Amino acid sequence: MPQSAVPQIGGRRMTVPFKASAAVQRLRLRIELRKARNATDLTQKQVAQAMEWSPSKLLRIEAGEVGITVNDLRQLLALYRITDPDVVDELLDLARTSRKMPFSEYRDLFGKEFLEFLAMESSAHVTRGFQPLAVPGLLQTEEYAAAIIRAYSPESLAAATQRMIEARMLRQEVLEKEQTEFFFILDESVIRRHVGGHRVMRAQLRRLAELATQPHINLMVLPFRVGAHPASAHSFTLFEFTEDMPSFVYIEDLADAATSTAPESAARYLDFFWDLEDKAIKGEPIPEILQQVAAHMDAVPTGFESAAAE
């Protein structure tokens, strides 16, 4: 391929936002490197051989599992025939500032998929999520988080419970970014289920009511009367970015969790979300509804008394 055929990545000039987060920069770098390799019609095996790397090294770089050194990136860009000084400098800047990923100190506790989720969560401009079973981690009180983590985690991780709670509380710093928008839809069962007991759940509901008054946090409740819907089986979270990046969707169920970057996957789940949003209770009634549930949560339907006492 002639050098002039690839003067810019994807036929465009890149623009790197000032002080973009390390997580976003690593995500952008991996996307750009994949595009650059595809533009040369080289396979991963061919690139690894030309760079004298093990095949796994390139796989991990393109998957975002590891960063890439500036020297390695210079050689890789030369192989891809990218010589535009501005594009090269911008890609090198991405490599320099993407070395430190958020929550890397918890790598021993969380798998690759969840660490990627945390990176996206800390960097997204818009976050949309649906939860059918539990309050989203970003909105949990510490005591509710402790109850959920102890219920969901295997006994082998019991010793790490406090660090997992700590990580969940640290995640919530992203809520202080008022330029970021959050849209959460909770199934009605989420606000009805007494996680951690009455006292813990009452405090959690009041925390949700408080968060729902903040202009950049949009909290909605999907009532039982809606019935079954396509998203009933699992929770999902959509991330959108101001940078030139595709949307991401994180899908989770009891058996597995995965992150998909396929545009059609994100688009499909965005349609799910908008459909649920149309059916959900939203806006001014939400804080009052949550306060009412908190105030009357001691009431037990007839026939449930014995089960509640167990």
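Just after α4, R81 takes a positive phi of about 60 degrees. Helices here are DSSP runs of H or I with at least four residues, strands are runs of E with at least two, and both are numbered from the N terminus. The model is predicted, so local features need pLDDT of at least 70 and side-chain atom pairs count only at pLDDT 80 or more, while totals for chains, interfaces and linings use all residues. Residues are numbered from 1 along each chain as its sequence is written, and side-chain values use heavy atoms, with hydrogens and water left out.

Helix α4 spans residues 70–79, and its buried residues are D72, L73, L76 and L77. They lie on the same side of α4 because they cover an arc of only 135 degrees around the axis. The arc is taken from the directions from the helix axis to the C-beta atoms. On the other side of α4, N71 and A78 are exposed. Buried means under 20% relative accessible area, exposed means over 50%, and partly exposed lies in between (1.4 Å probe, protein chains only).

The chain has 13 helices and 6 strands. Of its 310 residues, 48% count as buried. The accessible surface comes to about 15800 Å², and 52% of this belongs to carbon and sulfur atoms. These areas come from the Shrake-Rupley method with a 1.4 Å probe; for residues, only the protein chains shown count as cover. Contact means heavy atoms within 4.5 Å. Among contacts between residues at least 6 apart in sequence, 74% join residues at least 24 apart.

Q172 sits in the loop between α8 (161–171) and β2 (181–187). Q172 is buried, with a relative accessible area of 12%. Leaving aside neighbours within four places in sequence, Q172 is in contact with G137, L138, L139 and Q140. The side chain of Q172 reaches the backbone oxygen of G137 at 3.1 Å. Q172 and T141 are 31 residues apart in sequence, and their C-alpha atoms are 9.9 Å apart in space.

The largest nonpolar core has 29 residues. Such a core is a set of buried Ala, Val, Leu, Ile, Met, Phe, Trp, Tyr and Cys residues joined through side-chain atoms within 4.5 Å. L139, Y144, L205, L208, L219 and L290 have the most contacts inside the largest core. α10 gives the most to this core, with 6 residues. Not counting residues up to four places away in sequence, L290 touches I191, L205, L208, A209 and L219. A second, separate core of 23 residues includes V24, F103, F117 and F239.

Key
A polar contact is a pair of N or O atoms within 3.5 Å; within protein, one must be able to donate a hydrogen and the other to accept it, and residues adjacent in sequence count only if both atoms are side-chain atoms.
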